[in-house]
Structures are given as structure tokens and as C-alpha cells.
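Here is a tutorial dialogue on reading a structure.

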There are 2 protein chains.
Amino acid sequence: MEEKQTASQGCGKTLKTAEILAVGTELLLGHTVNTDAAVVAQELNALGISVLYSSVVGDNPQRLKQALLQAFGRSDLVVTTGGLGPTPDDLTKEIAAECTGRKLVSHPESVQRIREYFRGRECGENQFRQALLPEGAQVFPNHRGTAPGCAWENGQGGLVLILPGPPGELVPMLQQEVIPFLKGKTGGVIASRMVHVFGMGEGAVAQRLGELTQGENPTVATYAKENEMFVRITARGETLSQAQDLVLPAEKQVCEILGDVVYTVNQDGSSESCLEETVVSLLQKAEKTLSAAESCTGGLLAKRLTDIPGASQILEMSFVTYANRAKEELLGVPRELLDTFGAVSPEVARAMAEGVRKVSGSFLGVGITGIAGPDGGTPEKPVGLVYIGLCDGERTWVLKLNPPGQAASRAKCRGRASSAALDMIRRRLTGLPQPGAICFSAQA
Amino acid sequence: MEEKQTASQGCGKTLKTAEILAVGTELLLGHTVNTDAAVVAQELNALGISVLYSSVVGDNPQRLKQALLQAFGRSDLVVTTGGLGPTPDDLTKEIAAECTGRKLVSHPESVQRIREYFRGRECGENQFRQALLPEGAQVFPNHRGTAPGCAWENGQGGLVLILPGPPGELVPMLQQEVIPFLKGKTGGVIASRMVHVFGMGEGAVAQRLGELTQGENPTVATYAKENEMFVRITARGETLSQAQDLVLPAEKQVCEILGDVVYTVNQDGSSESCLEETVVSLLQKAEKTLSAAESCTGGLLAKRLTDIPGASQILEMSFVTYANRAKEELLGVPRELLDTFGAVSPEVARAMAEGVRKVSGSFLGVGITGIAGPDGGTPEKPVGLVYIGLCDGERTWVLKLNPPGQAASRAKCRGRASSAALDMIRRRLTGLPQPGAICFSAQA
């Protein structure tokens, strides 16, 4: 998808284009990955503000000044991240104020907040540098740290917005303080929905959606992620309900075309994977429990489920059964099955799922066995081969995952297997078919 | 740390400054985090080439051209990532060739590689666009995909280097093909070592290292990571052994000053956490096994251990025991202990470690119980409180982790607890004390 081309100069109140400037030598050294830029870009694009440039500069006054002036000249909104702390190499605010001809003045509310933050602990005088803000700026309090953010006119008809660098401070400030402030300045309201898909590739999804992806309002765009993909539908209107009225029919159409590979639809347009969130929520609603017996995924499935708050309601216990001895002793997998078919076999995946269900007393049992690599593969059982069993007490489904076309990393093999298991659980809980899986009657 | 200021123009063969240009609208939309820039920056800095700018441009020919020309004017080496694929919006190579006055010509070896890649599968004609390369360029084959990388002189005395965007293709190409090529062009050889530290904060480490961090050759710099930190020592010499002779005494000094919080020293200067790698390797060498009983970490410790290839030798089985019933039934934790002290208590952590060791027959047993949040905290047992037990059959250590000062996320609480458990295992295996832990005689 090509970003929109729009006029950038002298637009006064309406913000159409933006530029992100991340400040910090640690980013240029590659010791920190610039996740802030992705977060800010997502939020701005969701508001209908097109991000046309994104750059990094080190903690160097001269280069920072040049970068700011270039950005003011070509973008309506310039957002900086980082460089607001109390140490001498934190320079963003000073340089940005200088470039826009503003004095720094003490902001009493921010002074007070810093005092409260350090209550009962030692607080250096340099901390209060963070409460010196450009005169007349709109201030955004920092609920997770000491450096407030702020925004002011850049003197060239646009706006400069400075935000703290630590993601734990930036993200809540952006979402709670900055987005509501910017909403009034985009000349319209944006509504967007994110349709999450598992089990169909980006190419196939794009082909099925066909002309839908050619529209301008709403726009329908596909994005690939590791092991899954999503479709984002965005519309602009004069009011939120006008924008939503454009989004909802398109969302309905997308879901109808794609069918049961759609596992959830989000309002906020976040692109996080939420297969585990969907599964935990389905289990909670059904008041059902789950246990897993993991071999090649080694706890990854349990880890993903327990990443979600409240997972304790749906997972009482789970097992990592790497060794054959563990499969026998803990799950009751018969030794002759292991000897005859090998640990990586549909028979063992089935016995693991059935065994863990029985041992745990859970509603669902999941067994995962495979070869995660990089070693241990054979021509018959190559790296990437995985069998997943799912048992609900009446039936047991066994799904085979073939090695992906490309030599996949250990992390990718494990991620893919845990995602496929989550999707099987989702399908069982929503009464959907299990494509590609073989179904057996569960053994007592 | 401030990046080095060096002259950038007309340096011909010696590369001192670099600039990274990531190409792709998905980066400006925030749907992809720019990890490539961090990887490239790390590698270039390790070679002694200072990265002074890093930017993102969308798939827009005009803005890409402007960005390239600006970069050629101010940096010795311009590295692009992305935009080399077979689709019409992949434009990096075409625009870079145009900016440097080179024709694109078919590269027979790359044609052959693309044919082999698609052997037995359908291959569109557009795939062969990827084998059209700037005349006279140095070509870097892509062992994981179809688009080769290449480098050529930019006509302004510097070098342009174009690399594919997918990290799975970029990283091996960079390490295996590009770095050896660049090594001859930096006017010196760089050696660097990375000292990994767990259990001491960046501030405390920097203070202890004192004047060591002020040197110029070697340089000694500290970097914080989530839950741990590291010290990087880098020196430049005319030959590798000259550079190493400068690095090794500084490394020895750093390790002596910091003591047993140093858990490993790496050659390559990668900044990956490798606490789990260290632990798996120690267990392998000692031919010992481990089992865990995880409550609040929910499988994260097992997941981290099994991220490492060969973990099957040291982990036969492991348990997620979320519910009290699971702690009782699977580990034999006495119900009166759970009733009297509660599941999050030193007594239960100890019983979990001792129980899982006995049940699994492993050399070491680990029990982790705590409150990961965001809910479930009380004034007596707040979110972030964790107890970790470690039993070797003779002794059981119990470590209490207090909630961190700031409201920590669920992911952070879980990450910190699993790292602290790994460090306890490392300390037991290397005969080090367990600071802060209480030691009991193990119960039979």
C-alpha cells in the first residue's frame, strides 16, 4: 500500500502528514530496537495522519537541529521520541524549543508530579530539568515516569510533539493523552477495524478479497505476520458514526468472504496476535479448562496461554513431556506406541492428548510432538514435522504440520506449532470443522 | 555514548560513517518494527563504522531518490534494507541504480539460484527481476530467499549496499557475506567482547567500572536490557591480534571488578540475552537434568530452556502447576502448607522445588510461585511478589523477589522471575553463593 500524498506546508490546524524523529545514540548503535516509531506510526495512521518519514538521530545537538528543521519544512506534525530525561545528553526539548523560538519555563504541575514520584526516595536537582517546558505548550502528564510530553506550534504552520522514549511511558501517554488531543486536529474522524486471520496466507486472502482492496474510503488492506495475517479496514468521516457506517459493511463483507479462518475482529486496529487471547476468552465464557502435554514446543503453548491475565481460570496444570519416560510416566502413553511409531507420530500425539486430559481432569487435552530442529531430523521425519492431538473426551483430532517450504528456524517451528494448536482449540470451542485433521473416537 | 564525528565525504576506500535507509511503507504504517536497522547498526558499529543516521522511507520512488541522494552526500556507506522483492512496489534497486548512473544487467548466477529455489514449484517471470543487478556490483547471494544483495560505488566516493528486508534473509547474508567484504574497507580491524551481567543494575555497574568507561581504545560501555545488562569492550588495531591484545586485558579487569554477577562473555558482541544458553550448557557439561514446577511463570522458564537446541538432554519433563490442586496432586505439596501460608509463600516455593525434583527424578528441582498481575494482588502479597525455590537433594534455597519500584507489567514480572530462577541454577552449577536466598536442608 502506498502512503497518501498530501500537501504538507502551512496547513495550520489540519494535520495531514507526519514525521517521526527518534532521538538516541543507543538506537544508532543498534542496542535498542526502535519500537516507539512503530507504535506512533500505527496510532497516527489510525487517525488518518499519513506518516511519510521516520528517522533516527543520535544525541548530537547539531544533527538533531538539522533533522528537526528539515522535518518542520516538509511535515505538518513532527513527533519526537526520546531524549527527555534528566541527564546532560537528553537534549530533545532544548533543541526543539530553540528551533521554534520558545523559552523554557518551569511548569508547576510537572514539578509537583516529579516530587510525588520521588516521595520517600532521594531526588536529584537535575530531575526538575524535566519540568522546564516550552512556554505555552500543551503538556501531557507522564503517569509512568518523570518526563512529561508536550506539543506546540512550530512556527511554520505545523505542530511539534515531543514524547518520552521508554515504551512503558510513551504508550500510555500516547493513548490516554495525545490521541484525544490530536483527534480534533485531523479534519475528520477515523474508524478502523482489524480482522485477524489464521490458516490462510496473505496472497490467498488478497486474491479472495479482490476489488475490495482497491477502495479509497473505506480502505481494505492485508498485512502478513509470522504465522498469521490480518485485514485492516479504515474509513474517514465527519463524525465517528459516519466513519463507522462506512467500516462496518466492509468488515461484514470481509468476514463473509474469508469465513472461519477469521478468529477475531478488533476495534482498535492493533496488530498484536491474539489467538491466545481469543482462546482464553472462549474457555472462560464456556467455563471449561484445558491442559497440554508439550514435547517440541516445550512449554510455549502454556506460556502463551498464561501471558493472558485470568488464565488461571482455564489452565489448572500443564506438562512439558520431552523425554519418552515423561510421556509414559506422566501421561500413560504406552511404551509399545513409542517403540512402534516413534515419539513423533500421530499415534503418540493422540495418546498424549488423551492422556493429559485424563490425568488433569480438564475438559480439553492437547498433545504436541514434533521436531523443532535444528538437529534431530531424518528423511522420514524432517525438521519442522509436527503432530498435534486435541481430545474433548468424545473425539480426538490429530493434525499433521508438514515442514514449511523454507528451512525454518527452531523458533518459527515452535511458534507455528503452538499457533496451530491454539486454532484447533478455537475451532473445537466454536463448533467449527478441523480442516486437515483426522478425527478418532477418544479412547477411554 | 556519543557517536564519533568523522569526515564523511570523498573518503574513497576507507569507510568511517554509515547511514541506514529502510525501505517499505509497512514500516511507516507501523505494522512492521524496524529490527533490520538495529541489526545492521550493531554489525557496522562492531566494525568501527559509525552509524550517524537511520531513516525509513515508503515505497515511493521520489522520496526514496531524495533520501538516497541526501545520504550519499553525507555518509561514506549507505545501506538500504528492503524493497528488493519481485512485486512492482519493490523499487530500491532500480532507484539506487538510477541515482548512481548504473545499468541493470542480468546476473547469470542469481538467475540460476532463483531457478533452483523454485525447483518443482511454479515460478513467475517476475521472480527473475530479482536477478537484474547494477553492472559491476559486488553480489551477495541469498541463501534463504530469492533476492540477492549487492554493493557498488555511489559515484561520490562512497559505497551503496542494498540488502533484502526479511530478517531471516538479511541476517545470514550480513553475517556470512557482507561483513567479511566490509572488513577490508574500514581502515583497521575491530575486536569486541560482550560481558553479560545479571543481578546488578546499569548504574551500579557503571559506578564500579569508573574510569575504565572513559578510555578511547579500547572503549568500555554499559548497556541496560530488560532484567539484565551488559558491558561491551571494543578495540581497533591494524591486525586482529593487535585489537584482541587491547581487548583482553580490559575484559579481565571488567570481570574482576564485577565478580560473580558476570555470567558469560561472548566474542561476537551480540546483545542477546543468553542466561538460558549458559544454563543449558552448564547442565549439559555436568550431565545433569532439571525440572521445574511453574505457577506464575506458567511455562515461561521451560519455554526459555527449550528455546535452546539440545535442551532435551537436560530437561526430561516440567510442570505448570497453576491451581492448588495441581501443586498437591502432581508435586505432593501438603494441603496444610497451602492453607496455612497460601500458594504464594516461601514454604510453598520450597515444597514445589522439592516435590518436582522427587517426582521427576531430576538432579535439580525449581519451584516458582508469585503474583504476575495485573489482578490478584493484596497489600500483604502485592503484584510482583515472587518466591523461587531451588533444590539439589541436599539443600533447598528460597529467594524472594519484591515487587519492582514501578508498576510492572505481567510480562515483566514473569520475565524477571524466570531470569532470577535461571541465575539461581547457574549459581548452583558453578558453586557460587545464592545472594539474598535462604538455605534449608532439603526434606526427604
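**Reading the model, feature by feature**

Q: Let us start with a loop. Where does B:Pro218 lie?
A: B:Pro218 lies in the loop between helix H7 (202–209) and strand E10 (219–225) of chain B. Keep in mind that this is a predicted model.

Q: Is the peptide bond from B:Asn217 to B:Pro218 cis or trans?
A: Most peptide bonds are trans, and most residues other than glycine have a negative phi. The bond from B:Asn217 to B:Pro218 is cis, with omega near 10°. In chain A, a cis peptide bond joins A:Asn217 and A:Pro218, with omega about 10°. A:Pro218 sits in the loop between H7 and E10 of chain A.

Q: Is phi of A:Glu287 positive or negative?
A: Phi of A:Glu287 is positive, near 50°, in a residue other than glycine. A:Glu287 belongs to the loop between helix H9 (275–286) and E13 of chain A.

Q: How is chain A divided into domains?
A: Domain 1 covers 17–183, domain 2 covers 189–266 and domain 3 covers 275–441. The centres of domain 1 and domain 3 of chain A are 46 Å apart, taken over C-alpha atoms.

Q: How do I read the sheet with strands E10, E11, E9 and E12 of chain A?
A: Strands of a sheet pair through backbone hydrogen bonds, either parallel or antiparallel. Here four strands of chain A form an open sheet, in the order E10-E11-E9-E12, with antiparallel pairing. Strand E10 (219–225) and strand E12 (262–266) of chain A stand at the edges, each with a single partner strand, so one side of each has no neighbour in the sheet. The twist averages 20° from one strand to the next.

Q: How many bridges join E10(A) to strand E11 of chain A?
A: Seven bridges join E10(A) to strand E11 (residues 228–237) of chain A, and the two run antiparallel. Within this pair, A:Thr222 stands opposite A:Val231 in E11(A).

Q: Which strands does helix H8 of chain A touch?
A: Helix H8 (residues 240–258) of chain A packs on the sheet and touches E9, E10, E11 and E12 of chain A. Its direction makes about 15° with that of E9(A). Helix H7 (residues 202–209) of chain A lies across strand E9 (189–197), E10 and E11 of chain A, at about 165° to E10(A).

Q: What is the order of the sheet of twelve strands?
A: The order is E18(A)-E17(A)-E16(A)-E15(A)-E13(A)-E14(A)-E14(B)-E13(B)-E15(B)-E16(B)-E17(B)-E18(B), an open sheet with mixed pairing. Strand E18 (438–441) of chain A and strand E18 (438–441) of chain B stand at the edges, each with a single partner strand, so one side of each is left without a neighbour in the sheet. The twist averages 15° from one strand to the next.

Q: How many bridges join strand E15 of chain B to strand E16 of chain B?
A: Six bridges join strand E15 (residues 364–370) of chain B to strand E16 (residues 386–391) of chain B, which run antiparallel. B:Gly367 stands opposite B:Gly389 in E16(B). On this sheet, H11(A) touches strand E13 (290–294) and E14 of chain A together with strand E14 (317–321) of chain B. The direction of H11(A) makes about 150° with that of E14(A).

Q: At what angle do helix H9 and helix H14 of chain B cross?
A: Two packed helices are described by the angle between their axes and the distance between the axes. The axes of helix H9 (residues 275–286) and helix H14 (residues 410–429) of chain B cross at roughly 30° and come within 9 Å. The crossing is left-handed. Contact residues include B:Leu282 of H9(B) and B:Leu422 of H14(B). By class, the contact has eight nonpolar, two polar and three charged residues.

Notes:
Residues are numbered from 1 along each chain as its sequence is written. Chains are lettered from A and ligands numbered from 1 in the order in which they are written. This is a predicted model: local features need pLDDT of at least 70, side-chain atom pairs count only at pLDDT 80 or more; totals for chains, interfaces and linings use all residues. Axes are lines fitted to C-alpha atoms, for helices over the stretch in contact, and angles run from 0 to 180 degrees between N-to-C directions. A crossing is left-handed if the near helix is turned anticlockwise from the far one by less than a right angle, and right-handed if clockwise. Two residues are in contact if their C-beta atoms, placed from the backbone, lie within 7 Å. Ala, Val, Leu, Ile, Met, Phe, Trp, Tyr, Cys and Pro count as nonpolar, Asp, Glu, Lys and Arg as charged, and the others, Gly among them, as polar. Domain bounds come from an automatic or database domain assignment. Two strands pair if DSSP finds at least two bridges between them.
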